[in-house]
Amino acid sequence: MLGEIAPAVWAELLKVRRSRVPWVTFAAFTVAGLVGGFFMFVLQNPDRARSLGLLGAKAQFAGGTADWAGYFAFTAQIAAVGGLLVFGMVVIWLFGREFSDRTAKDLLALPTSRGAVVAAKLLVALGWCLLLAAQLVVIGLLFGTLLGLPGWSADTALGGLGTVFATTLLTVALATTYGLVASVGRGYLAAVAAMFVSLFAAQVIAALGFGAWFPWSVPSLLSGVAGPEQAGPGAVSIAGVVVAGAAASAATVVWWEHADHDR
C-alpha cells in the first residue's frame with residue numbers, strides 16, 4: 001500500500017489546488033491572526049484603544065498579557081478553538097466531497113487500494129492544517145515585532161511555538177473523527193453536526209472541570225485557554241487524544257474497505 005500512497009496524495013493535491021476551499025481556510029486564519037494582533041494592541045494600549053473608539057469605555061480584556069508569552073498563548077488558543085472548526089472543515093471536505101459530488105464510486109474503481117485513498121486524504125489534511133498553523137505563527141511574529149512586544153527570548157519562542165504546533169497536532173488528530181462521520185454519513189451534514197456538538201461539549205465539560213478526561217477539551221487546556229489557575233492536561237489526557245485520532249483513522253480505513261459503495 002505504501003507505493004500507492006504517493007500517487008493518491010498527488011491526486012488529492014490536484015483536487016485541493018482546483019478548489020476554493022483552501023483560500024477560504026487561509027482567509028479564516030488570516031482574520032484570526034489579525035484578531036490576535038488587535039488583542040495584543042488593546043492589551044498594550046487600552047487607553048489609546050478607547051480614544052480611537054476600538055474599545056468601549058467600560059470594556060476590558062482579562063486573562064492576557066501584552067508580551068511574547070501572552071501572544072504565543074493566544075495563538076495556541078486560536079489553533080485549539082478556531083482550529084477545531086477550520087481543521088474539522090478541511091477533513092470533512094476531503095472526505096465528504098466524494099459523496100456529495102458522487103465521485104466515490106469512480107475513485108474506488110481506480111487501481112489504488114481504499115486504504116491508500118484514506119491515508120492520502122489524512123496526510124493532505126495534516127499538511128494543510130500545519131500550513132495554516134504556520135501562517136498563524138508568521139502573522140503573530142509580524143504583529144508582535146511591529147508592536148514591539150517585550151519578553152522575547154529563545155526559550156519563550158521555542159516554548160510558544162512548541163505549544164502552538166502541539167495544539168495543532170492534537171486538534172488535527174481529533175478532526176479525523178469527522179472524516180469517519182463524513183464517510184459513514186456519505187456527505188457533509190452529519191459530520192458538520194458532529195463537529196459542532198463536540199465543540200459545544202468540549203467547552204461545557206472543560207468549564208465543569210472535567211476537560212482532562214474529554215479528548216476534545218484537551219487541546220484547549222494545553223493552549224491555556226482555561227487560564228493559569230487550571231493545570232494543563234497530563235500525559236494520560238494527551239494519550240487519550242492520540243488514541244481517539246488513531247482509532248478514528250483506522251475505523252475510516254476499515255469502513256472504506258468494507259462498506260457497500262453503491263452510490
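Biologist: Where does Val-24 lie?

Modeller: Val-24 is in helix H2, residues 21-44. Helices here are DSSP runs of H or I with at least four residues, and strands are E runs of at least two, numbered from the N terminus. This is a predicted model, where local features need pLDDT of at least 70 and side-chain atom pairs count only at pLDDT 80 or more, while totals for chains, interfaces and linings use all residues. Residues are numbered from 1 along each chain as its sequence is written, and side-chain values use heavy atoms, with hydrogens and water left out.

Biologist: Thanks. Is Val-24 buried or exposed?

Modeller: Val-24 counts as exposed, at 57% relative accessibility. Buried means under 20% relative accessible area, exposed over 50%, and partly exposed in between, with a 1.4 Å probe and protein chains only.

Biologist: Let's switch to H4. Where does helix H4 bend?

Modeller: Helix H4 runs over residues 68-100 and bends by about 55° at Gly-83. That bend is the angle between axes fitted to the seven residues ending there and the seven starting there. Just after H4, Arg-102 has a positive phi of about 55°.

Biologist: How many of the 33 residues of H4 are buried?

Modeller: The number is 26, so H4 is largely enclosed by the rest of the structure.

Biologist: I like charges. Which side chain does Lys-121 meet in a salt bridge at 3.1 Å?

Modeller: That partner is Glu-12, with the 3.1 Å taken N to O. The two come from distant parts of the chain, Lys-121 from helix H6 (residues 114-147) and Glu-12 from helix H1 (residues 2-17), 109 residues apart. A salt bridge here is a side-chain nitrogen of Lys or Arg within 4 Å of a carboxyl oxygen of Asp or Glu. Both Lys-121 and Glu-12 are buried.

Biologist: What about Lys-121 and Glu-98, how far apart are the closest N and O atoms?

Modeller: They are 2.7 Å apart in that salt bridge. Lys-121 is in helix H6 and Glu-98 in helix H4, so the pair ties together parts 23 residues apart in sequence. Salt bridges with shared partners join Glu-12, Lys-15, Arg-97, Glu-98 and Lys-121 into one network.

Biologist: Which ring does Lys-121 lie over?

Modeller: Lys-121 lies over the face of Phe-95, 5.9 Å from the ring centre. The rule wants NZ of Lys or CZ of Arg within 6 Å of the ring centre and within 35 degrees of the ring normal.

Biologist: On to ring pairs, then. How many aromatic pairs does the count come to?

Modeller: The count is twelve aromatic pairs. One of them is Phe-95 with Trp-256, edge-to-face at 6.3 Å centre to centre and 70° between the planes. Rings of Phe, Tyr and Trp (its six-membered ring) pair if their centres lie within 6.5 Å, and planes under 30 degrees apart count as stacked, over 60 as edge-to-face and the rest as tilted. Phe-95 sits in helix H4 and Trp-256 in helix H10, 161 residues apart.

Biologist: Are those two buried or exposed?

Modeller: Phe-95 is buried at 1% relative accessible area, and Trp-256 is buried at 0%.
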